[in-house]
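Reader: I would like to go through this model feature by feature. Please give the general idea each time, then the case at hand.

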Amino acid sequence: MTAGPEGVAITPEGTLMVLDGLPESAFILQEIRACGTTAVSMVAPTSRARRLASRLMPPYLRHADAIVGLPDGVGERADLIVVPESELGIEEGRWLQRHRPGARVIMWFWNPVSEPLALAAQERGIEVWAFDPSDAARIKGVRLNTQYWFASQVPDPREKLWDVSFVGRDKGRGQTIQVLESALRGRGLTTNFQIVAPPSRLPWKQSAESWIPYREVIEQSARSRAVLDIVQQGQTGMTLRAMEALYLEVKLITNNAAMLQDPHYPQDNVYLLEGTELPGLEDFMSRPIAPTSEMVREFYSFPAWLRRFGTGIS
């Protein structure tokens, strides 16, 4: 057990994870439960939370069975409660504070931190944690942890079908990704690019109109020799694309210069993008992959991620 900042021991069994209820979170829910942690989909325990759910959540989730109060007995012995990054997450956190007195409540940001949302959470006694060092430096009181992943998600060895894959949301990067795909193809590389966005925003044929199951994202990444990682402006933390590359033991092509400073990441597997000229890319792609050590896999595991809410990153 690890003593947290508030003096409470942190264990998987003593943690309650509340996820956002989106379809792509379903596999995470299963994996977290397999680690011995109680995990539930989005809950709306108060009338205000239900109004927020109706306003903020996609139509196909507004009447889901998950949007209910937390069942009796679930997480009642939790010392650590983690809620998602949203107004609804704040409402859930406040309700859980009242019903689980003494527990630490944390809002975890999977994405770049919204400062107004972070400050609103802190004003209500909810800790704010993020994976990006730039957010921790930019916003007072934001604490830093890494991303996490599950080794059990690594599929059996797959035949490589493409040189470079990108499967992810647009997030304002669509045009950049399209230009890079053309540059990669110009170097004779095969690509598999699927960008989740409405067709009105991404008119080219590779765009996807709806979400892609995360297991399919993993499958496509595993069948590639490298994955493309394009971070948003100002972002320096390790993304899920980089985490997938690490566990799947495929190469990483990224515009995130901080990856070359990460002491846990195999540097030989990282190619830093600096424009679209792509100098030395052929040599990079021809080199053997550097294997990921078990020590590194453990560092980014879910149980280790929980422990860092008590110890910080070392």
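Predicted model: local features only at pLDDT ≥ 70, side-chain atom pairs only at ≥ 80, totals over all residues.

Reader: Which way do the residues of strand 5 point, and are they buried or exposed?

Author: Begin with the side chains on each face of the strand. In strand 5 (residues 80-83), Leu80 and Val82 point one way, while Ile81 and Val83 point the other way. All four of these residues are buried.

Reader: Which strands are joined to strand 5 by bridges?

Author: Look for bridges and for the sense of the pairing. Strand 3 (residues 15-18) runs parallel to strand 5 and is joined to it by three bridges. Strand 6 (residues 104-109) is also parallel to strand 5, with four bridges between them. Val82 is the bridge partner of Met17, and Ile106 in strand 6 is the bridge partner of Val82.

Reader: Why is strand 9 described as largely enclosed?

Author: The count of buried residues decides this, with under 20% relative accessible area as the cut-off. Strand 9 (residues 162-169) has eight residues and six of them are buried, so the rest of the structure largely encloses it. Six bridges join it in parallel to strand 10 (residues 191-196), where Phe193 stands opposite Phe166. Strand 9 also pairs with strand 12 (residues 224-229) in the parallel sense, over three bridges; there, Ser224 is the bridge partner of Trp162.

Reader: Why does Glu181 count as buried?

Author: The same cut-off, under 20%, applies to a single residue. Glu181 has 4% relative accessibility and therefore counts as buried. Glu181 is found in helix 6 (residues 174-186).

Reader: Which residues have the most contacts inside the largest nonpolar core?

Author: A core is read by its members and the elements that supply them. The largest nonpolar core has 44 residues, and those with the most contacts inside it are Met17, Ile32, Tyr265, Trp305 and Phe309. Among the elements giving two or more residues to this core are strand 5, strand 6 and helix 8 (240-248). Helix 8 gives the most, with six residues.

Reader: How many residues line the second largest pocket?

Author: For a pocket, take volume and lining together. The second largest pocket has about 310 Å³ of space and is lined by 20 residues. Pro133, Thr146, Met238, Asp262 and Tyr300 lie nearest its centre. By class, the lining has 11 nonpolar, eight polar and one charged residues.

Conventions
Residues numbered from 1 in each chain as written. Heavy atoms only, no water. Buried < 20%, exposed > 50% of the residue type's maximum accessible area, 1.4 Å probe, protein only. Pairing = 2+ DSSP bridges. 1 Å grid on protein atoms, 1.4 Å probe; cavity = no way out; pocket = protein on both sides within 12 Å on 5 of 7 lines; lining within 4 Å. Points joined across faces, edges and corners; volume = space filled by probe spheres on them. Nonpolar A, V, L, I, M, F, W, Y, C, P; charged D, E, K, R; others polar. Core = buried A, V, L, I, M, F, W, Y, C linked by side-chain atoms within 4.5 Å.
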